[in-house]
Amino acid sequence: MHKKHIFSGILLCVAFLILCMNASAAPRIQKTKDPIILVLDPGHGGENNGTEEGAYLEKDMNLLTAQVMAEELRKYDGIKVYLTREDDTDLSLKDRAKVAADLNADFLVSIHYNASESHALFGAEAWISLIPEYHAQGYQLATCFLREYRDMGVFIRGVKTRRHSKGNDYYGVIRESVTLGVPALIVEHCHVDHPLDQEFCDSEEDWKLFGKADALAVAKYFGLKSKSLGEDHTEDAQDLPEVTKNQLVPRAMQDLTEPLYCHITLIDAKYEEDLVSVYLTGEDPDSNLIYYSVSFDGGETFGSGIPLPGGDILTGEMPDSFRIDIEVPDKSTPRLALRVYNPYDLDCISNVLTFDQMFQKPVPTLEATKEIREVQVDPEPEAPSPEADKKAKLFKVIGIACIATGVLLFFIILFTLLLPRKKKED
Ligand SMILES: [Zn+2]
């Protein structure tokens, strides 16, 4: 009897463990053709430059990334890759979708780089359809792209949807593709106009790196194998986020409301180190919070956005409160406020913390001042000014030239004296 209880207990534990393991990893829900047909759509082209906020034109960045992605994917078995444009020409969004529909594509992936009006946004994001079946497929593939970018160190803004006023998908290339029966998504690799993202996209090498990351994401989603690369991603296609074919993923839904709540409480103020630590508690029932920014004037002006630590927008996990360490301007008595942002860039400003003392790094003591003076009394030999340095060099050159001419003259005179004598000897 007792043994039976232990045995059933172990069985229950094993079943629970298996359930837990499966909760975060799910297989691909999309059924694919053989071979898989993938259409890559380098955004913009021709007169349509895309964003011009960075050092380059977006249309060129999109094309090179897509070309490298295609080249890389062609090393895998069981997939055929096409591009909507191979050169600097523009196509309507309908025509891009039509290319994919005519090829009977399994997916259309539209390749883009981003920029924001405020130049304050940074990070990568992906846009997917609102139509449930395409939404679920889009969510799984989009997650594969964003996982790769996260591994590269890019900040992740999440998988998102945007609704048109007519109720369907806002972004034309997605809307036109799904209308023709082709699952589609848009990847926005990063923001070309933000310093935190520029290191990932400011050279052709960077655009190629993104192309390779994109290819790897697709290989993992479809579970592709490559003999020439020696890679097998069969297992990866079982490790996708869990979605239901006919349900929209709540954390990918467009959030039209500001975060509900943002509050800060003081942990510690180090007045002599210009440091403040606070607990930030923020809540948005619809989305993860992604950035925060700091105000020292009670919320009138804010610094640039900083990633909120500890959350994972791809799984929806986020801590309830964050410890934030802030460097305060020296010789200031700040009125501290924080602001949090959701992935749709809507924000909420916290309460204001005031301080009864000025933040100030200690003034040097009498002893320290004495030491400084002593050092000043015995100054290091001054480095020559560039002007004097130039003159010294000039004199050196003239000196060497004089000596050389002297030596040359000496030999010439010597030869002229010796030569006639030699002739006489002949
Ligand atoms: Zn674009």
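Residues are numbered from 1 along each chain as its sequence is written. Because the model is predicted, local features need pLDDT of at least 70 and side-chain atom pairs count only at pLDDT 80 or more, while totals for chains, interfaces and linings use all residues.

Me: Why is Ser226 called partly exposed?
Reply: A residue is buried if 20 or more other C-beta atoms, placed from the backbone, lie within 10 Å of its own, exposed if 12 or fewer, and partly exposed in between. Ser226 has 19 C-beta neighbours inside 10 Å, and therefore counts as partly exposed. In space, Ser226 and Tyr76 are 4.3 Å apart, C-alpha to C-alpha, although 150 residues separate them in sequence.

Me: What makes strand E1 largely enclosed?
Reply: Of the 7 residues of E1 (residues 36-42), 6 are buried, so this strand is largely enclosed by the rest of the structure. In the chain of 426 residues, buried residues make up 37%.

Me: How do you know that E1 pairs with strand E2, and which residues face each other?
Reply: Two strands pair if DSSP finds at least two bridges between them, and E1 is joined to E2 (residues 79-83) by 5 bridges, the two running parallel. Ile36 has Ile79 as its bridge partner in E2. Between E1 and E2 the chain passes through helix H2 (residues 58-73), and this β-α-β crossover is right-handed, which means that, with the strands pointing away from the viewer, the path from the first strand over the helix to the second runs clockwise.

Me: What else pairs with E1, and in which order do the strands of its sheet stand?
Reply: Strand E3 (residues 107-114) is joined to E1 by 5 bridges, again in parallel, and Val39 stands opposite Leu108 in E3. The open sheet of 6 strands has the order E2-E1-E3-E6-E4-E5, with mixed pairing.

Me: Why are E2 and strand E5 called edge strands?
Reply: E2 and E5 (156-160) each have a single partner strand, so one side of each is left without a neighbour in the sheet. Strand E4 (residues 124-127) pairs with E5 in the parallel sense over 4 bridges, and Trp127 has Lys160 as its bridge partner in E5.

Me: What makes strand E10 a partner of strand E13?
Reply: E10 (residues 275-283) and E13 are joined over 7 bridges in the antiparallel sense, with Asp325 in E13 as the bridge partner of Ser277.
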